[in-house]
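Today I went looking for salt bridges, pair by pair.

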Amino acid sequence: MADRIASVSAYADYANEIYAKGMLNGCPPAITTDPNKLRLQAKKVMRDDAYNYISGGAGEGATMDANRLAFRQWKIVPRMMRPSVPRNLKVSLFGEQYDSPLLVAPVGAQEVYHKEKEIGTAAAAAELNVPFGKQTSLFFPGSKEGREGVVTST
């Protein structure tokens, strides 16, 4: 129990640090939360082919537009002056317990924008104990094991 409270406190301290730096020191976070500005930040640091692949969507971008509209229907309401300990965001999925109700959804062709491809994303998700959804089959030619294969587990 003490470890869990310390973990939650550490996150709260991190959030408070971000707010304090922004409000008291005029130093906003390095990564914006404004989706339009985030696109510009990404464009500055990504290779052109990677940025164009991600930002273009498929076809005319209708799915991206629909997703943005759906997300705009939800609002995050901060609860700053309320007790936050103990807080339990754990969820059980398919017999496994995870620390977060969020998951990393499958995104294809990650090799376009990161050298570790889906393996890197899955490793980061595992490190954070966040569920990772993969595509039906992913092929990794020239993997670290030196063989071609299909990743069948997450």
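I began with aspartate 49 and arginine 47, whose side chains meet in a salt bridge, with 3.0 Å from N to O. This is a predicted model, so I keep that in mind for every distance here. I then looked up how open the two partners are. Aspartate 49 has 45% relative accessibility, so I noted it as partly exposed. Arginine 47 comes out at 46% and is therefore partly exposed too.

Next I turned to helix 1, which covers residues 2–25 and holds both glutamate 17 and lysine 21. They sit four residues apart, about one turn of the helix. Their side chains form a salt bridge, and I read 3.2 Å from N to O. Buried or exposed, or something in between, I asked of glutamate 17? Its relative accessibility is 40%, so it counts as partly exposed. For lysine 21 I found 39%, which means partly exposed again.

My last stop was helix 4, residues 62–72, where aspartate 65 and arginine 68 both lie. Here the spacing is three residues, again about one turn of the helix. The two form a salt bridge, and their closest N and O atoms are 3.6 Å apart. That pair passes because the cut-off is within 4 Å. Aspartate 65 has 46% relative accessibility, so I wrote down partly exposed. Arginine 68 is at 30%, and therefore partly exposed as well.

How many salt bridges does the count come to? By this rule, three.

Notes: Residues numbered from 1 in each chain as written. Predicted model: local features only at pLDDT ≥ 70, side-chain atom pairs only at ≥ 80, totals over all residues. Heavy atoms only, no water. Helix = DSSP H or I, 4+ residues; strand = E, 2+ residues; numbered from the N terminus. Buried < 20%, exposed > 50% of the residue type's maximum accessible area, 1.4 Å probe, protein only.
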